[in-house]
Amino acid sequence: MIQKAYKTEIDPNNKQKTLLLKHAGCARGAWNWALGCIKNAESKPTIGQLRKKLTELKKGEFAYMNEVSAHATQESLRDLDKALTNFFKKRAKYPKFKSRDRGIGSFRVYGIKVTDNKVHLPILKWVNLKETGYIPTDQRIVSATVSEKAGRWYVSVAVEEEVEQQDTDGVIGVDLGVKTLATCSDGSQYANSKALSKEESRIKHFQCKLSRKTKGSNRRTKLKKKIARLHQRVTNIRKDATHKITSEIVKIKRPQIIVLEDLNVSGMTKNHRLAKAVCDANMRECRRQFEYKAEWTGVEVRFVDRFFPSSKMCSVCGTLKQDLKLGDRTYKCSECGLIMDRDLNAAHNLKNTVSSTGGPSGVVAEPRIKRVLKNESKIPSVRRELTLVEMTQ
Ligand SMILES: [Zn+2]
């Protein structure tokens with residue numbers, strides 16, 4: 001079993017915002033009270049004793065703490081216990097009192113439920129998530145830590161996942177494209193979402209309207225907001241689609257090696273006609289997801305040099321077709337007579353690079369697996385972090 005934490009931004013309503021502040025405030029209050037007890041007492045109380053005492057105090061002096069989930073305060077004591085242990089083991093400094101001036105802080109709760117776009121927390125009930133489909137809904141949820149940063153609230157859901165044994169020794173070549181987002185050498189294809197092109201034509205329509213509105217007018221401001229929201233929606237749809245594809249290939253198909261083309265995306269976007277389409281297909285995001293998901297499951301991701309002619313080469317006889325045009329959707333080999341979908345042929349070529357002979361051209365892909373967290377900061381709006389909490393057998 002492996003524990004992973006999925007951190008993503010939440011979108012609380014006003015009532016929930018107040019409750020969030022209360023929870024964080026009580027967590028801070030419990031920490032400070034307990035730390036005070038420990039500092040002032042002659043014989044140091046144990047955390048167990050402090051827990052009991054806190055429950056007593058909630059009937060009187062600390063009655064306000066009953067408005068929040070008891071987990072928040074009790075978990076705060078547990079954190080303090082850990083901090084003290086770390087201090088005595090010389091791993092950390094002595095814990096400090098938590099001041100409101102140094103931030104609202106965080107709290108931890110149990111009994112969490114998650115759907116694609118909501119998280120259920122005790123007392124707070126269903127809280128909207130800003131990003132859909134990110135937190136897995138089919139895994140055992142251990143706990144959730146809610147924290148605030150610069151006026152935004154985040155939830156970090158700790159999930160227990162089972163890492164199963166790899167039972168295939170297969171290789172899958174994946175051709176990332178524009179219209180078809182991904183084509184696998186096993187014949188499966190994933191089309192780019194239709195919802196996306198629909199939303200995009202709406203954006204275009206509104207942008208046209210926008211250009212006719214007077215600058216600084218109310219209507220223009222409203223329309224601008226509407227367009228911004230649509231852009232966010234498009235981003236979400238894209239992410240959902242790529243998450244589904246990469247998860248399915250990595251977790252369900254379970255190959256030992258995934259071979260991808262090392263596309264020079266920045267180079268391709270210089271070509272204006274292609275630029276939009278390439279961004280649409282969200283290839284970069286797709287590859288990033290492949291890399292980190294593969295790393296979790298022990299699947300190896302290999303990249304084939306971008307000058308490798310995966311599209312132009314026949315995957316059966318290795319003949320190069322120099323006059324292949326971008327619009328040719330079918331690959332027809334004049335040598336061996338192969339007729340195959342262009343992307344599928346490319347996926348086969350990628351797969352062939354890992355065969356024992358090194359494939360028709362003798363190109364053997366070099367393994368290249370990047371670290372997970374490095375690229376996370378590049379996602380601007382919805383901050384998310386992924387951390388491997390702990391690994392247990
Ligand atoms: Zn051929």
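# A chat about strands and a zinc site

Q: Hi! How many bridges join strand S6 to S7?
A: Strand S6 (residues 140-149) and S7 run antiparallel, with 9 bridges joining them. Two strands pair if DSSP finds at least two bridges between them, and strands (E, at least two residues) are DSSP runs, as are helices (H or I, at least four), numbered from the N terminus.

Q: Before we go on, what kind of model is this?
A: It is a predicted model, where local features need pLDDT of at least 70, side-chain atom pairs count only at pLDDT 80 or more, and totals for chains, interfaces and linings use all residues. Residues are numbered from 1 along each chain as its sequence is written, and side-chain values use heavy atoms, with hydrogens and water left out.

Q: Thanks! Which residue in S7 is the bridge partner of Ile141?
A: That's Val159.

Q: And is S7 mostly covered or mostly open?
A: Mostly covered: 9 of the 10 residues in S7 (residues 152-161) are buried. Buried means under 20% relative accessible area, exposed over 50%, and partly exposed in between (1.4 Å probe, protein chains only).

Q: New topic: which residues coordinate the zinc ion?
A: Cys314, Cys317, Cys333 and Cys336 do, each through SG, at 2.2 to 2.3 Å. Donors are N, O and S atoms within 2.8 Å of the metal (3.2 Å for Na, K and Ca); water is not among the atoms, so sites may look incomplete.

Q: How are those donor residues spaced in sequence?
A: The pattern is C-x2-C-x15-C-x2-C.

Q: Is Cys333 buried or exposed?
A: Cys333 is buried, at 8% relative accessibility, while Cys317 is partly exposed, at 36%.
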